[in-house]
Amino acid sequence: MNFSGNIIWIIFGGIFIFFEYIIGGLILCLTIIGIPFGLQCFKFAIVGLAPFGVKITDTSSNTGCLSTVMNIIWFFCGGVWIALTHLFFGILLCITIVGIPFGRQHFKLMNLAFSPFGKSIS
């Protein structure tokens with residue numbers, strides 16, 4: 001299911017999500033201040049290309065409250081819009097039975113959009 005789900009995901013829009021996050025990450029990496037946020041966009045790009053079979057886990061890092069501060073900045077400077085977009089597409093896809101697995105992947109991306117710092121993908 002993971003392989004076929006990822007192929008269908010890529011054909012019906014996953015490749016566009018991937019390129020949007022890559023371009024956004026490259027633009028953010030043009031400045032020194034934007035590099036951490038650009039790296040998070042690259043994390044989104046990886047999950048956005050093939051979300052089936054990917055697990056998002058919380059990492060226990062020793063950065064202290066830095067990841068919390070970065071998540072707050074991320075949320076107010078664009079994360080809320082990314083999360084609302086994934087929420088909209090997730091609800092839209094969950095209207096049909098066939099679209100439920102793809103809607104769940106959008107909900108997974110929405111969870112990552114709220115707080116990408118301190119999370120890893122595996």
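The model is predicted: local features need pLDDT of at least 70, side-chain atom pairs count only at pLDDT 80 or more, and totals for chains, interfaces and linings use all residues. Residues are numbered from 1 along each chain as its sequence is written, and side-chain values use heavy atoms, with hydrogens and water left out.

**Aromatic pairs**
- The count comes to 11 aromatic pairs; rings of Phe, Tyr and Trp (its six-membered ring) pair if their centres lie within 6.5 Å, and planes under 30 degrees apart count as stacked, over 60 as edge-to-face and the rest as tilted.
- Phe44 and Trp74 are stacked, because their ring centres are 5.7 Å apart and their planes are at 10°.
- Phe44 lies in helix H2 and Trp74 in helix H3, so this pair ties together parts 30 residues apart in sequence.
- Helices here are DSSP runs (H or I, at least four residues), as are strands (E, at least two), numbered from the N terminus.
- Phe44 is buried at 0% relative accessibility, and Trp74 is buried at 6%; buried means under 20% relative accessible area, exposed over 50%, partly exposed in between (1.4 Å probe, protein chains only).
- Ring pairs link Tyr21, Phe37, Phe44, Trp74 and Phe117 into a cluster.

**Record annotation**
- UniProt, in an unreviewed entry, lists residues 5–53 and 69–119 for "domain: Inner membrane component"; such annotations may be inferred rather than shown by experiment.
- Residues 5–53 are 80% helix and 0% strand, with end C-alpha atoms 9 Å apart.
- Residues 69–119 are 78% helix and 2% strand, with end C-alpha atoms 14 Å apart.
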